[in-house]
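The sequence and structure follow.

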Amino acid sequence: MTDMGMKVEQVLHMVGGAGETSYATNSRLQEKTMYRTKPILDNAIEEMYRTLLPERLVVADLGCSSGPNTFLVVSEVLGVVGELRRRLEQKPPEIQFFLNDLPGNDFNNVFRSLERYGKKIEEEKGELLVPYYVVGVPGSFYGRLFPCRSVHFFHSSYCLMWLSQVPQGLESDRGVPLNKGNIYITETSPPQVVEAYQEQHRRDFSSFLKSRYAELSVGGGMVLTFLGRKKQHPALGDLSLLWGLLAEALNSMASEGVIAEVKVDGFNLPFYGPSMQEVKSVIHDEGLFDLDQAQTLEANWDPFDDSEDDLAFDNVANGKNVARYIRAVIEPLIAHQFGDAMLDELFLRYADNRRWRINMLGSSKDRKVKEREHHTLVVFMKEEKLVTFDLPFYSPSMEEEVKAVIHKKRSL
């Protein structure tokens with residue numbers, strides 16, 4: 001059986017470097033999502049800056065990974081704050097950026113890119129560029145990362161669907177896998193498997209919110225973007241299909257003796273794509289943040305398909321593109337469980353499964369239908385508003401004391 005539940009923090013990371021299978025080369029899907037969520041992000045940054053007008057601003061990007069997308073949030077903050085500062089005739093603030101990810105992230109690639117990025121941003125922003133500093137912070141965002149009330153703005157994109165561990169309770173009392181033949185929730189998964197995943201997500205997201213609440217400065221906020229689903233039951237559509245095709249490839253290799261069947265049966269992903277209802281439920285139950293905006297974005301999984309219609313004109317290319325994206329994300333977990341000798345063959349089979357899936361959706365050989373099964377949840381949250389009284393002796397320091405008491409009571 002796998003011991004993945006004990007090692008997720010050490011094993012989970014995107015493929016490093018800048019090679020053909022790297023995340024840096026295969027992260028266009030995430031890039032497209034970040035540009036689609038740009039209006040929400042820009043509005044959140046502007047609202048935070050107008051409210052605080054800080055001389056020093058601290059921004060943390062949680063799950064920064066490495067590659068061309070790493071500095072997109074840095075650029076957005078510098079752009080919005082630089083322009084606002086000019087219009088409001090404010091002194092340029094100093095901005096501290098913290099780039100966070102798990103210890104296995106390719107931080108070396110991030111730091112090597114800093115000088116090149118610095119020159120590029122200076123050319124783009126010119127006199128609007130405010131002083132900024134970038135620091136890496138390795139560690140899990142499911143616990144505390146920063147001192148109390150020290151961060152003004154949090155951002156996280158495509159990270160919170162990853163769990164802190166593989167859920168417990170996926171084996172019987174005798175150690176028999178309950179999710180045999182699957183690596184995620186499917187229609188054949190028993191109810192206790194579904195419940196185990198849902199409970200792990202609830203615990204993790206709750207821990208995340210509590211940690212960020214302690215670290216967020218008064219007047220701050222955060223924008224979170226992560227994969228989720230539209231359908232109510234976790235086994236229907238969306239991510240079950242995405243990971244189901246990978247499970248099919250693994251099972252076919254096990255049936256041929258390429259990999260051990262027992263390793264497939266013991267492999268479950270530390271991943272959960274929640275519905276918006278589940279996300280809102282945890283936010284409401286914790287009572288720490290006001291949910292300012294919540295949106296669900298819909299797209300298809302092919303990073304290079306920018307068309308708005310429902311036809312996939314090249315199903316072979318579609319299969320290969322999605323397989324490269326999945327590999328850049330999941331390869332380290334697969335290699336940890338099965339070794340790296342089978343990786344090329346696995347993702348060839350995955351691409352073929354994807355191509356076959358598109359063929360099955362088409363009404364004829366000349367008409368390949370793509371699914372809008374890629375759903376992204378976007379939420380913008382701020383600290384829960386306190387009901388205050390218009391009293392002559394009420395002060396910001398008193399508000400801090402009130403918040404501390406409320407936070408202590410909620411922790412009990």
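## Contacts of Ser189

The side chains of Ser189 and Asn179 form a polar contact at 2.7 Å; such a contact is a pair of N or O atoms within 3.5 Å, where within protein one must be able to donate a hydrogen and the other to accept it, and residues adjacent in sequence count only if both atoms are side-chain atoms. A polar atom of the Ser189 side chain also lies 2.9 Å from the backbone nitrogen of Thr186.

This is a predicted model, in which local features need pLDDT of at least 70 and side-chain atom pairs count only at pLDDT 80 or more, while totals for chains, interfaces and linings use all residues. Residues are numbered from 1 along each chain as its sequence is written, and side-chain values use heavy atoms, with hydrogens and water left out.

## Setting of Ser189

Ser189 sits in the loop between strand 4 (151-157) and helix 6; helices (H or I, at least four residues) and strands (E, at least two) are DSSP runs, numbered from the N terminus. Its relative accessibility is 9%, so Ser189 counts as buried (under 20% relative accessible area, 1.4 Å probe, protein chains only).

Leaving aside residues up to four places away in sequence, Ser189 touches Asn179, Asn182 and Tyr184 (heavy atoms within 4.5 Å).

## Helix 6 and helix 9

In helix 6, Gln198, Arg202, Phe205, Ser206, Leu209 and Lys210 meet Glu278, Val279, Val282, Ile283 and Glu286 of helix 9.

Key: Buried < 20%, exposed > 50% of the residue type's maximum accessible area, 1.4 Å probe, protein only.
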